[in-house]
Each structure stands twice: as C-alpha cells, then as structure tokens.
Amino acid sequence: MTHNVALSFADGKTFFIAVKPGELLLDAALRQGISLPLDCREGVCGTCQGRCEAGRYEQDYVDDEALSPHDLAQRKVLACQTRVQSDATFYFDHDSSHCHAGEPLLLRSRVTDVELVSASTAILHLDASEQPDTLHFLPGQYARLQVPGTDQCRAYSFANRPNPGNQLQFLIRLLPDGVMSNFLREHCTPGMEMLLEAPLGSFYLRQVERPLVMVAGGTGLSAFLGMLDEIAERGDCGYPIQLFYGVNQEADLCETARLEALRARIPGFEFTPVVSQPGASWTGRRGYIHEHFDRERLVATPFDMYLCGPPPMVEAVKNWVTEQASAGVQVYAEKFLQSASRR
C-alpha cells in the first residue's frame, strides 16, 4: 500500500507524491519529477534536509553533524534516509523552483450553490468532479479562484478536507466593491464554470502533539473547518482543542451548526463565538477575541496556536501571546491580505 505524501515548500506550493512501502523519500520524489537538493545520499552532508510536519517515519542513518539531537527532536529529516510509514507531510525551507517542480494543479469546477450569509460573508460551493482524481491539499491551505469573465484571481481557504467527489467549499469575505464580491452578489448562479489553482499556502494542520488553540477572524473560519473535518475523520487526537471565532456582527456568524456537529464528534473540542459590535439581543461574548482568553489555562500548559483572519486581529493575538502566554507556544498564522494579491 502506497502512502500519500505532501511536499510543501517555502514559496507556498505543495506537491503530492506516492511513496511505495520501504522506498526512500528522496527516491520517491525523484521518481515523480521533484528533484530535491542532494549531494552525498549517505546521511552526512545535510543537503536534503527537511522537516516532517505530520505522519510517521524512520531514518536509516543520520550523521550527528548533519542533524543534531535537537534537530531530530524537532522532527527534522534527511530525505535520502527517510522511509515514511504513513501518509505524511514534509516541509522544505526553499522554493519549489529549486526542485524543478511543476505548477500546482489547474482544474475546472462548476458552481453548485452560493449562500449570501450576510452583507460581508458568502459561502461558495463548487463541484470539481470533472477532475478524475481526488484533489489533494492540506487542511488549511487555499486555492486561487478565477473570477468568471475576467483575468482576475482571488485566493480563499478550503472549508473542507479532500474528498473523492471533489466537492469544495469556501467562506468568502464580501468587500464593498471587490471583483469577486460583485460577481458573487450580482452574477453567480449554479452551473457557472470557475477555474481554480491548488493547492497553495503554508498554513495547514501540523502533527497534533499538544493542546490546540484556533483563532478565526470572520471568514478565516474556513481554514479551521477543513482542519476540524480532518481531525474528526482521524478520530480522537488526544488533546483539547479550543476555537475562538470572532465576527463584527452576529449576522456574520456562519456554519455554527456544523461546529456543533464537530463538537459532538471530536472529544475535547469547544468553540467560543465572539462578536465585536453586537446588537442588543446578543447574549454571548462581546468585544475582541484576545479579551476572552483564559490566561491561567493558557499559561499552565504549552500549546500550538493557529491564527487566521484580518491583520489587526492576528497582531493583537500575537501581542497577547508574547505578553501573557507561556514560553512553550508555537504560533502558525495566516493573515488576510489585500484582495488584489491574496483575498
């Protein structure tokens, strides 16, 4: 049985390869056209160094001058000595162009539905089943969608995990006069074709080895829905998971029923909606997300924090972590950029 392995690079591109039982990771990559940097192939020079971010593996031999005990504890690997034992993700700290890797997949899809949740939020559903194979991506990554009738592309995080039918979902922030926003409000109907490029991005779920704190601002929830779907599918991860979900107005809240269903499926999962500008009828948390962190809880135990949302929110949470949280926090962040380049 082959293992499905993601190779992720510093330029945000990810490529999936099939690794045969007992095959070296480097050999599998070369066999499928990805020329990872190499020199000695003996586990000595460290040229093919990467890091396993999820999955199980063994290494045949690693010289202590190539990777130190600290490096090994950080799950750093040498591709020429690594034999994967499960589906896995490996990160390499250089551009994919250094490996002569091709471009991410460009595929056709068709709109099946568009839900205008509020004045600032839409949910777009796409059917990419014309693609014969499963579109592989890492939960949390994004796709670049071409706005029909234009040459403009916009990037949005997948709100689901990969699935054989390639049924895709995206939460989209609606701008007052954005090219994608105007299309969704005024022209988008089921059956319309939409091109997309994927997978892209370095924001994705790593190996879960300690408690998780997820912080979503607005449609940043999209990335976490994919991550939570993946965790639910795998079963109990063994660690508590907190999701803080912040929006401007309660009308912007979406997929809360789905989050409730995920809470029933994932042991130790809880989520907290926070509304910054609530109406009089709102009885939940008010204000900004970082104002509702449980400092005693977050200081007591090291944890991994994932942030996705507008830059002010991301920076406010990072500042809180720097000032208040324990030293053992690992932060992974994805900021919304201007629509011309990212969203």
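Trainee: In β18, which residue is the bridge partner of M214?

Mentor: This is a predicted model, and the pairing is read from its coordinates. Strand β14 runs parallel to β18 (residues 304-309), with 5 bridges between them. Within β18, M214 has as its bridge partner Y306.

Trainee: Which residue of β15 is the bridge partner of L212?

Mentor: β14 also pairs with β15 (residues 241-247), in parallel and through 6 bridges. Together with helix α4 (residues 221-234), β14 and β15 form a β-α-β unit that is right-handed. The bridge partner of L212 in β15 is I241.

Trainee: How many of the residues of β14 are buried?

Mentor: Take the two faces in turn. On one side L212, M214 and A216 are buried, and on the other V213, V215 and G217 are buried. The strand, residues 212-217, is therefore largely enclosed by the rest of the structure, and the buried count is 6 of the 6.

Trainee: Which residues of helix α3 are buried?

Mentor: Helix α3 covers residues 179-186. Among the elements covering its buried residues are β8 (105-118), β9 (121-127) and β13 (193-200). The buried residues of α3 are M180, S181, N182, F183 and L184.

How values were computed:
Residues numbered from 1 in each chain as written. Predicted model: local features only at pLDDT ≥ 70, side-chain atom pairs only at ≥ 80, totals over all residues. Heavy atoms only, no water. Buried < 20%, exposed > 50% of the residue type's maximum accessible area, 1.4 Å probe, protein only. Helix = DSSP H or I, 4+ residues; strand = E, 2+ residues; numbered from the N terminus. Contact = heavy atoms within 4.5 Å. Pairing = 2+ DSSP bridges. Right-handed = clockwise from strand over helix to strand, strands pointing away.
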